[in-house]
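Dear colleague,

Please find below the sequence and the structure that I am handing over to you. I should be grateful if you would read the notes that follow with the coordinates open.

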Amino acid sequence: MATAKINALSEALGAPLPTGLGSLSKPQLDQLAAALGNAKTRQRAALEQSTEAALSHIPLLLRGAVRKVLFG
Amino acid sequence: MSAIAAKAEVLKLARLLGADEKDFAFLESHDALAIRALREQMTAQLYDDGKALLQKVAAATKLTPTGISAVIAEKALGPLLCARVASLVGAEKAIDISKKLSPAFLAETCLHLDPRRTADIIRGTPVEMVVAVSKILQAKKEFVTMARFVDALTPEAIKAVINATPDEEPLLRTAVFAENPALHNELVSYLPKSRLKSLIGKATADAELWSAALSLMSHLNPQWMGELGQLTSELDDATLAKIVDYSTAQNLWAVQLQVIAATPIECQKRMFALAAINTPDALAAITASARDKQIAAVLKQLKPQMPTAMAAAL
């Protein structure tokens with residue numbers, strides 16, 4: 001974790017880049033940062049979609065309690 | 001050797017990000033450990049992202065009967081989210097749910113699972129389920145994924161997978177990607193000599209496989225390195241000539257020489273008597289590998305077993 005250079009990837013990671021990746025170019029760092037951002041976006045969308053879908057599989061008797069846990 | 005490790009790390013990173021590994025081919029020239037460190041940072045980011053909702057899903061799962069949780073896992077959550085939620089549910093509940101999931105779904109989930117965060121679940125999964133999932137992953141040629149789990153599986157589960165895998169090639173392709181090279185001695189010890197011989201024979205099929213075999217051997221202790229080196233020296237001349245060519249073309253002599261040095265003297269003499277090794281190209285490649293001081297010392301130790309002309313040329 002020696003590279004303290006500020007770039008899109010270390011900003012996305014919230015930490016310096018691992019030692020040994022200091023020679024990555026700006027476009028390469030941008031590409032990795034964008035890929036991480038896209039993965040997070042996809043994960044969030046999948047999570048929101050699936051929690052709603054999950055409720056339809058819960059027996060009616062339990063659905064209220066589970067909904068309360070999920071959505072407050 | 002490190003090229004294989006770097007390529008494997010790029011593949012793991014691409015899998016984590018849901019991207020094509022070709023997109024990150026520029027990373028292959030970097031140190032494998034640096035790419036792994038980057039993957040670990042990104043894994044932490046993805047596990048932390050949306051953690052509040054993931055924890056709520058885990059809490060809801062604890063309220064729900066196991067059978068229903070399994071239905072929800074396969075029909076609503078899907079493999080990616082199951083992989084994220086697994087470590088938050090608690091090992092006992094997660095194992096109970098996994099017993100009700102199809103091996104195909106579990107195999108898909110394995111692609112996204114971080115074995116370090118779910119080691120208790122992996123160790124508690126019934127061996128027969130581990131074997132069923134490994135067969136699916138092998139059929140999909142997911143050797144890198146399989147390798148990520150070697151560290152977390154129990155010896156019993158690993159032995160069961162080995163016994164259920166009649167072909168040694170997938171075992172070699174998996175072992176070479178195992179993240180903890182210290183495990184290589186253990187993995188090799190699970191194979192009877194007949195299967196080790198078969199593994200060596202299959203590894204000679206092409207340069208990539210031989211490079212993988214040498215990468216595996218490079219992590220073995222002297223006893224196992226010598227054992228596999230001896231099995232290699234028992235191959236016929238035509239096959240050994242192919243190995244010489246692979247080592248020359250792929251710059252593998254640094255490891256190849258160390259493996260030869262670990263074998264009994266008779267095996268060393270057999271290898272150096274090969275016509276294929278006594279060619280200008282092979283000798284030049286061996287000389288080049290000995291620019292490294294450690295390899296130069298190995299070469300010096302081997303010279304008494306070489307034909308006079310070969311020893312003089314090096």
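This is a predicted model: local features need pLDDT of at least 70, side-chain atom pairs count only at pLDDT 80 or more; totals for chains, interfaces and linings use all residues.

Chain A

The secondary structure of chain A consists of three helices and zero strands, and its elements follow the order α-α-α from the N terminus. With 72 residues, a compact globule would have a radius of gyration near 11 Å, whereas the value for chain A is 20 Å. Along the principal axes, the C-alpha atoms of chain A occupy a box of roughly 60 × 20 × 15 Å. Among contacts in chain A with a separation of 6 or more, 12% join residues 24 or more positions apart. Buried residues make up 24% of the 72 in chain A.

The interface between chains A and B

How many residues of each chain take part in the contact between chain A and chain B? On the side of chain A there are 28, and on the side of chain B there are 32. Helix H2 (26–55) and helix H3 (60–71) of chain A each contribute at least two residues to the side that touches chain B. The largest share of that side, 14 residues, belongs to H2(A).

Nonpolar cores

The largest nonpolar core holds 87 residues, and those touching the most other members are Leu77(B), Val85(B), Ala86(B), Leu153(B), Leu172(B), Ala213(B) and Met217(B). Helix H4 (residues 66–89) of chain B gives the most to this core, namely twelve residues. Neighbours within four places in sequence aside, Leu77(B) is in contact with Ser50(A) and Ala54(A) in chain A, and with Ile72(B), Cys82(B) and Val85(B) in chain B. Another core, of 21 residues, lies apart from the largest one; Leu9(A), Ala34(B), Met42(B) and Leu46(B) are among its members.

Helix H15 of chain B

Helix H15 (residues 222–233) of chain B has twelve residues, so at 1.5 Å a residue it should span 16 Å; the distance between its end C-alpha atoms is 16 Å, which agrees. Its buried residues are Trp224(B), Met225(B), Glu227(B), Leu228(B), Gly229(B), Thr232(B) and Ser233(B).

With kind regards

Key: Residues are numbered from 1 along each chain as its sequence is written. Chains are lettered from A and ligands numbered from 1 in the order in which they are written. Two residues are in contact if their C-beta atoms, placed from the backbone, lie within 7 Å. Helices (H or I, at least four residues) and strands (E, at least two) are DSSP runs, numbered from the N terminus. The radius of gyration is taken over C-alpha atoms; the globule rule is 2.2 Å times the number of residues to the power 0.38. A residue is buried if 20 or more other C-beta atoms lie within 10 Å of its own, exposed if 12 or fewer, and partly exposed in between; C-beta atoms are placed from the backbone. A nonpolar core is a set of buried Ala, Val, Leu, Ile, Met, Phe, Trp, Tyr and Cys residues joined through C-beta atoms within 7 Å. The expected span of a helix is 1.5 Å times one less than its number of residues.
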